[in-house]
Amino acid sequence: MMRPLRLEKKETSVLVGIMILVIIIMVLANPGTFLTYTNMKGMAYQLPELGILTLAMMVVMISGGINLSIIATANMAGIVAAIILKSQPGSPSVAFLLALGACLGVSSAIGLLNGVLVAFVEMPPILATLGTMTLFNGISIVITKGYVISGFSPAVLYIGNGMLLGIPFPLLIFLLAAIVMSIFLRKTRTGFSLFMIGSNAMATKFSGINNMAVLIRTYLVSGIYSGIAALVMISRFNSAKSGYGDSYLLITILAAVLGGVKSEGGFGNVSGVVIALITLQVLSSGFNLLRVSSFLTTAIWGFIMIAVMVTNFLIENRKTRGAT
Amino acid sequence: MKRLLARHETYIFGIIVVFSIIITAINPNFLTLENAFDILKSNAFTGIMAIGVLFVLISGGIDISFAATATIAEYLTVLICLRVGGSMLFAFFSALVIGIILGAVNGYLIDRFAVPPIITTIATMNLYYGLLIVFSKGRWIYALPQYFRTFADIRVITLYTAEGLPYGLSIVTALWFVLMVLSAGLLFYTRLGRSIYAVGGDAISAKRVGVSVKMVRIFVYAFMGAMASVAGIVQALLVQAVAPNSIVGKELNVIAAVVLGGASLAGGVGTVSGMFLGVMLLAIVQNGMTLMRVPAVWYDVFVGLVILFSVGSSSWKVKKEKVGTFIDIEPLSPPMVQEGGR
């Protein structure tokens, strides 16, 4: 399988440069508190939620689409899992497995629906997923009547709060999810076609790729990843509710783009996204230690985003000017 | 093209009529002038923002930051008015200045650095909103200047109910309508308006025929900022309080309303009348649910279905038409093959 799909070297180095810069600034600004076990552990527990959701966003962005329904999918799947866990059918372990299956089942079904709407009905992705986002947010509210479902068994809480071999369990899930995504994008036929569709859907159609099948699978993967995020979310919050993590939606797009995913499609890789996520997490934890408002952190994320896009533009511009 | 647009608007109008009939059958209070004035008043805020969104979509862009812009314009203006005093006219002026600056920043970034509009405006949304919350500390403002209250109560037309209670067309609705008429005029009868369609249709061709793409882009985002700021003031007038977090989060709903009205995310397509119908469709769904005593928790479900059904059916239609053109071409090919064979 070909692998021409790497980030341009310069973009990656800008990204790594920013990450190192941010880490150095935060270490210097928080002497004695940033480089501590507690802080590192805190970061490791916080990163996975946004991280898995960003992977769900990234995979559709590579195809040239967007998935606004990831959070709504995660909440819906989380709520269904929570209801099963609370009603306790059979023994705790049976309930756990049922909830796990239902969570992934619901999220794949929503992903499949998005895929069909985008690929078969040919709706613009932003509108199709805006529609499903609103619809499933609505259904979640109807099911829960807007209330919180809370209180789960230790086994469920372990997913988001446990530790395995000294590594936080959610971080392990995130790493596994990232590796699987990387393999999907680079080593499978569907993954490869996905990049090609993102670059030029017309060309792939005429070169015998079944665009519809590839796109449906893409949205399916995005849905499943939202379901995995749902497991981590309900476990970390020890509850499920519609509207949890709504503010993550646009941040996942920022994180993906910061990581080198092109919003027009066709470009992006997992390592870039992971670097971007680490940068954002270091900023957020570092500012938290400095007792800076989390909203200022959001503002700075926005500012960094603009700065990176402008820098990339200027680098690109100089390169093309040099060529002519 | 024009006929297709007209078809879309008739189609949305048809859906509105069907909904209205259903709602009226269940609750006759729906089809009263009083209720109509009420809907038009409470949706003026969304409607004014929708005008700006329409311009941005026609130019082929998208803006996510307008809700943040609206809030900042609203909050700062009320603060300024409380500090230095002023009048309603001054409030609108001050909001417009803030809105235009914030919008123009988006336009400049998008045009100068070729950053995709969705990314630019998500970034500026986070930047603007984050800073607003940090500096306002999330505090609400309840004590608005007196003229905000007097102005909000002005009625352009006053009627009386059977019980003798006054009701009528609010000044806020009148403002919305005036802005819509002016925008429609701008879009259809000015060089700038036609240029916006041209840039949205094909930016490169537009540039070749001498349209300043840069000016058009900066204009539409600045205009979006201006509409957002007016909407911000309207929100303050309607609610008589200013909350830094009340508007942000509604941006996608406004975009959905405009798209329901026939504007295309690909650019070059959209009309003010369609946008108005799109806004009204969602407004009537919401109002109708209240009147039909459907629990409010169902609102999102209905809106989601309306978006999926409405956008889905028009996408499906476009897809079918595309297939049709392929079939049309086919009968032409055999003669060509014969010619080659001769």
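The model is predicted: local features need pLDDT of at least 70, side-chain atom pairs count only at pLDDT 80 or more, and totals for chains, interfaces and linings use all residues. Residues are numbered from 1 along each chain as its sequence is written, chains are lettered from A and ligands numbered from 1 in the order in which they are written, and side-chain values use heavy atoms, leaving out hydrogens and water.

**The two domains of chain B**

- Chain B splits into domain 1 (2–293) and domain 2 (295–342). These bounds come from an automatic or database domain assignment.
- The centres of the two domains, taken over C-alpha atoms, lie 31 Å apart.
- Domain 1 of chain B gives 14 residues to the contact, and domain 2 of chain B gives eleven. Contact means heavy atoms within 4.5 Å.

**Where the domains meet**

- About 1,100 Å² is buried between domain 1 and domain 2 of chain B, with 72% from carbon and sulfur atoms. Buried area is the accessible area (1.4 Å probe) that two parts lose on being put together, summed over both.
- On the domain 1 side, Tyr11(B), Leu260(B) and Met289(B) lose the most area, together 39% of what that side buries.
- The count of salt bridges between these domains is zero. A salt bridge is a side-chain nitrogen of Lys or Arg within 4 Å of a carboxyl oxygen of Asp or Glu.
- One residue pair is in polar contact across the domain interface, both at pLDDT 80 or more. A polar contact is a pair of N or O atoms within 3.5 Å; within protein, one must be able to donate a hydrogen and the other to accept it, and residues adjacent in sequence count only if both atoms are side-chain atoms.
- In domain 1 of chain B, α1 (2–26), α12 (251–260) and α13 (272–291) each give two or more residues to this side. Helices are DSSP runs (H or I, at least four residues), numbered from the N terminus.

**Where chain B meets chain A**

- The contact takes 40 residues from chain B and 45 from chain A.
- The two chains bury about 3,600 Å² between them, 84% of it on carbon and sulfur atoms.
- Ile119(B), Leu252(B) and Leu308(B) supply 16% of the area that chain B buries here, more than any other three residues.
- Zero salt bridges are found across this interface.
- On the chain B side, the elements giving two or more residues are α5 (88–112), α6 (117–136), α12 and α14 (299–329).
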